[in-house]
Amino acid sequence: MVLGLGLPSLVYFLWRATDNSAASSSEERTPHFRSKLAESSSSPSVTEETAMTDPAPPPRKPIPAPELEGGVAWLNTAGPLSLKKDLKGKIVLLDFWTLCCINCMHILPDLAKLEKKYANQLVVIGVHSPKFENEKDTNSIRKAILRYQIEHPVVNDADHRIWNAYDVEAWPTFVLIDPEGNLVGYTSGEGRYELLDKVIEKLIEEHRKKRTLDERPLRFDLVRFREGGDTPLFFPGKVLADAEGKRLFIADSTHHRLVVTDLEGNHLFTIGTGQAGAADGPFDKCQFQDPQGMALRGNTLYVADRKNHLIREVDLQAKTVRSIAGTGEQDGGFTHRQLNEPVPARSIGLNSPWDLCLVGDTLYIAMAGHHQIWAYDLKKREIGPYAGTGRENIRDGPLRFADFAQPSGITTDGRFLYIADCETSSLRKVPLGGDGRVETLVGRGLFVFGDVDGPGRVADPSSAQEARLQHAIGVVYHDDKLYVADTYNNKIKMFDLRTGRLETFAGHESDWPLLPQHFHEPAGVSYAAGKLYVADTNAHRIQVVDLKTRQVSTLPLRGVQPPAPQP
């Protein structure tokens, strides 16, 4: 809702911009548009039937959009932007987002399409209104802009002042403003490209006639002009250490490739061109798009190709890559989250697979976008949900009745899967074998997080200080312990499965601002030969933690070069 006007008023503003006879205050909405609007609404009280039969709201005077005031910093632009001054004459689309949110990531390609299609008429402004404490930090947002390759201005709404001015209730939410600075309408969630495209097209038509549209191009001072990815690694998301083969597989995520070194950091080979795409083929021709977690069996490497919504199989002997699961299109719906039987793996879309764990002939997938754990049968080449309802929450229970929230890390001790369930800042325990209950080891809810060492869970949380994580993305099992990449706390933590306690293992210096920091939003962790290998994502490096001494060092990458620039 915007400014507490309630949904009917906002429906009117969208209708006003879309209807061909918008100038007539008595013109009713067409059934077709009402249906589209009903599909787009996040309100359970508005259905297609009511939207098609309710009379149009009475005409209202234009309502000026609140100014974009209260942000603590502006990024991807030389300074603050004003609706009345800098953006007068432009159609403005506000995207209320937060950098942790998988739905906010999913809508970025749609925004990029709109920006390209309406380059001279539309300005997208990202309003970053944080969920987690760490997300209030301007530097974290700047890193996210680079990692997600965002090319529109972003304001750090750390105190939620703009969020509150627009009465926003969910991430992501879009608010459209016309060239005269008046509210047009809002919508929330994924899959809103067609609705926004239609409304923007009508606004352009209307304001060209009124001569109120400024179609002169605007250029912004983008962050990437000063930090463009010319480091050997660029936001590495995950890492997999192979003790037997003495190899280290690095998901060089924002370089869209895999880098393989030995355990001392000497370059062995690179998989992928370094340009975003989904091409199968030999190592020097294949492509990835934001690759994340990996699993290894012999000379076959499996890769969660996150942004392509694919599982890729890498033949390390033949030096080829092929897609084995997914269609290459995101499946953002709910139907396939409720599958009772597995289906052919190439017949179904996936939704941001983020990490992998191989147990026997089953590849388990942390399907972040579906809020579920999926299973891929390597022999039958079939795939389907293994645990989770598909609803974003934290709830224990039988496998298919439990809730997860953006699972992004997965590991095993051979009897259970252990999940870094990042949106609830939790560790979850999932039984293997297709039976049993999901349990929570650490964590309480979507908005319960912190940086606390202590017991994972107690019967009465008010009587003792429970352990807390903050958006933990990575986890690995070793010797009855879980080592956790506590991403937003910039630490590695250890959960002892025997005692049920969580403690900080490395990264204490983040509690002391004057000391150099060992970790900057670490997202992946792996174990080999007495050491943890950590994908220190925002520092573009791999950190090594000695388990005996707890000393942290940076892995020297020898012979690793950034990809060649795009022609």
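Q: Two strands count as paired if DSSP finds at least two bridges between them. In which sense do β9 and β10 pair, and over how many bridges?

A: This is a predicted model. In it, β9 covers residues 257–262 and β10 covers residues 267–271. The two strands pair in the antiparallel sense, over 4 bridges.

Q: Which residue in β10 is the bridge partner of Val 259?

A: Thr 270 is that partner.

Q: How many residues lie between β9 and β10 in the hairpin?

A: There are 4 residues between the two strands. Gly 265, in the turn, has a positive phi of about 95°.

Q: Is Asp 546 buried, partly exposed or exposed?

A: Buried means under 20% relative accessible area and exposed means over 50%, with partly exposed in between. Asp 546 has 25% relative accessibility, so it counts as partly exposed. Asp 546 sits in strand β33, which runs over residues 541–546.

Q: Which residues does Asp 546 touch, not counting those up to four places away in sequence?

A: Contacts are read from heavy atoms within 4.5 Å. On that basis Asp 546 touches Gly 530, Lys 531 and Gln 551. Gly 530 is 16 residues from Asp 546 in sequence, and their C-alpha atoms are 6.5 Å apart. Separately, a polar atom of the Asp 546 side chain lies 3.1 Å from the backbone nitrogen of Thr 549.

Q: How many disulfides are there?

A: A disulfide requires two cysteine sulfur atoms within 2.5 Å. By this rule the count is 0. Cys 100 is in no disulfide, as its nearest cysteine sulfur, that of Cys 101, is 6.1 Å away.

Q: Are Cys 100 and Cys 286 buried or exposed?

A: Cys 100 has a relative accessible area of 1% and is therefore buried. Cys 286 is at 0%, so it also counts as buried.

Key: Residues numbered from 1 in each chain as written. Predicted model: local features only at pLDDT ≥ 70, side-chain atom pairs only at ≥ 80, totals over all residues. Heavy atoms only, no water. Buried < 20%, exposed > 50% of the residue type's maximum accessible area, 1.4 Å probe, protein only. Polar contact = N/O pair within 3.5 Å; in protein donor to acceptor, adjacent residues only side chain to side chain.
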